[in-house]
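Here's a quick briefing to read alongside the model. Have the sequence and the 3D view open, and let's walk through the metal site and its surroundings.

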Amino acid sequence: NADAAMYLSKKRGRNNYQFYNNEEKDILDRKFILEQGLTRALLNNEFLLYYQPKVDLETNTIYGAEALIRWDHPEYGLISPFEFIPIAEEAGYIIPIGKWVIESACKQAALWQKQGISLNIAVNVSAKQFQDKRFVKIVEDTLNNYQLAPGLLELEITESVMQDVEESYSMLQQLKSIGVKTSIDDFGTGYSSLNILNSVSIDYVKIDKSFIDDMLTNSSTASLVKTIIQIGSNLNFELIAEGIEQESQTNFLIQHGCHLGQGYLYSPPLPLEEMDKVIQKQQERLLSSAF
Ligand code: C2E
Ligand code: MG
Ligand code: MG
Ligand code: MG
């Protein structure tokens, strides 16, 4: 906390004699409290996973789900990963938290698998996890432990994590050899995009929401989206559109060859009980249409 206050006053340069104001103090206090609470959160099971359905855009069926972490904080209530993941990364907690996420997601996917529901489960992987030598072993052990088909697990990695192309290549090869799927998350927001696509083998590329937001109103964004879909079909990866909110976006995507997506148009991330209901409904619908 003192460090952070110092940082803020340094950032102000000349005005560093001015102590930080109340609003800044609240932010620093909250950050400090969150950081201090991370160990307890792991021990007390304060983290939980929400699931956002991933949809086949043409058939409107759910083929998978992205697991998204939440923190049910005793004082602050439900906290977004946008707020606490960076804090966990900085404080050196992301490896155990990431391990918990992989465990919980695989456990749930294995449960669905036992019920005859084959759902692809996607998990977000942060930089430090991806660079951790034990990562492949953790993934492999978890799959074995829950008897989950490796092909049902998808690891989402952002471009920025793959800056060291050679190391990433080796990691991705190892993951491929155990049979899990890999995807590039938030594609288009990093800066070495094409280089990465050319040098490593990945299964999916997730087109960032910002492109989906703009592609119907900005013709150069539309061209970029069409081009990346084209590259995907040439280099053999599938595209997943992130953050679809309008039917017109789905129509555009289907028309240009992107068949997978997720977004509020279909469903926001759901707590497990609600996700279960949605899956149940789909199972009933699929069953009744089979007769
Ligand atoms: P992401 O992996 O790119 O996940 C997509 C985010 O967009 C999610 O936010 C999701 O709720 C939101 N979203 C999905 N569809 C729509 C839409 O149609 N409209 C809008 N406005 N938003 C949509 P969320 O759950 O708050 O997660 C934020 C980020 O936190 C994730 O971005 C991911 O980078 C990170 N994150 C989440 N869970 C984990 C985790 O278990 N481990 C790590 N390392 N990072 C995580
Ligand atoms: Mg993601
Ligand atoms: Mg994303
Ligand atoms: Mg995103």
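Let's start at Glu 66, which lies in strand β2 (helices, H or I of at least four residues, and strands, E of at least two, are DSSP runs numbered from the N terminus). Bear in mind that this is a predicted model, where local features need pLDDT of at least 70, side-chain atom pairs count only at pLDDT 80 or more, and totals for chains, interfaces and linings use all residues. As for bookkeeping, residues are numbered from 1 along each chain as its sequence is written, chains are lettered from A and ligands numbered from 1 in the order in which they are written, and side-chain values use heavy atoms, with hydrogens and water left out.

**Glu 66 and its contacts**

- Glu 66 is buried, at a relative accessible area of 6% (buried is under 20%, exposed over 50%, partly exposed in between, with a 1.4 Å probe and protein chains only).
- The side chain of Glu 66 makes a polar contact of 2.8 Å with that of Asn 124 (a polar contact is a pair of N or O atoms within 3.5 Å; within protein, one must be able to donate a hydrogen and the other to accept it, and residues adjacent in sequence count only if both atoms are side-chain atoms).
- There's also a polar contact of 2.9 Å between the side chains of Glu 66 and Lys 206.

**Magnesium ion, ligand 2**

- Glu 66 (OE), Asn 124 (OD1), Glu 156 (OE) and Asp 185 (OD) coordinate the magnesium ion (ligand 2) at 1.9 to 2.2 Å (donors are N, O and S atoms within 2.8 Å of the metal, or 3.2 Å for Na, K and Ca; water is not among the atoms, so sites may look incomplete).
- Along the sequence, the donor residues of this magnesium ion (ligand 2) follow the spacing E-x57-N-x31-E-x28-D.
- Distant parts of the chain get linked here: Glu 66 is in strand β2 (residues 61–73) and Glu 156 in strand β5 (residues 153–158), 90 residues apart.
- Glu 156 counts as buried because its relative accessible area is 1%.

**Magnesium ion, ligand 3**

- Which residues supply the protein donors of the magnesium ion (ligand 3)? They are Asp 185 (OD), Asp 186 (OD) and Glu 242 (OE), lying 1.6 to 2.4 Å from the ion.
- The donor residues of the magnesium ion (ligand 3) are spaced D-D-x55-E in sequence.
- Here too, distant parts of the chain are linked: Asp 186 sits in strand β6 (residues 181–187), and Glu 242 in the loop between β8 (238–241) and α11 (247–255), 56 residues apart.
- Asp 186 is partly exposed because its relative accessible area is 25%, whereas Glu 242 is buried at 10%.
- Asp 185 coordinates both the magnesium ion (ligand 2) and the magnesium ion (ligand 3), which are 3.6 Å apart.

**Ligand 1**

- Ligand 1 is surrounded by 22 residues, and the closest are Arg 70, Asn 124, Asp 185, Glu 245 and Tyr 264 (a residue is near a molecule or strand if one of its heavy atoms lies within 4 Å of it).
- An N or O atom in the side chain of Glu 245 is 2.6 Å from a nitrogen atom of ligand 1.
- Ile 69 brings a backbone N or O atom to 3.1 Å from a nitrogen atom of ligand 1.
- Glu 242 turns up again, with a polar side-chain atom 3.2 Å from an oxygen atom of ligand 1.
- Taken alone, ligand 1 exposes 800 Å², and the protein buries 83% of that (accessible areas come from the Shrake-Rupley method with a 1.4 Å probe; for residues, only the protein chains shown count as cover).

- Most residues other than glycine have a negative phi.
- Asn 45 isn't a glycine, yet has a positive phi of about 60 degrees; Asn 45 is in the loop between α2 (22–43) and β1 (47–56) and is exposed, at 56% relative accessible area.
- Gln 147, also not a glycine, has a positive phi of about 55 degrees; Gln 147 is in the loop between α6 (135–146) and β5 and is exposed, at 62%.
- Gly 116, with a positive phi near 80 degrees, follows α4.
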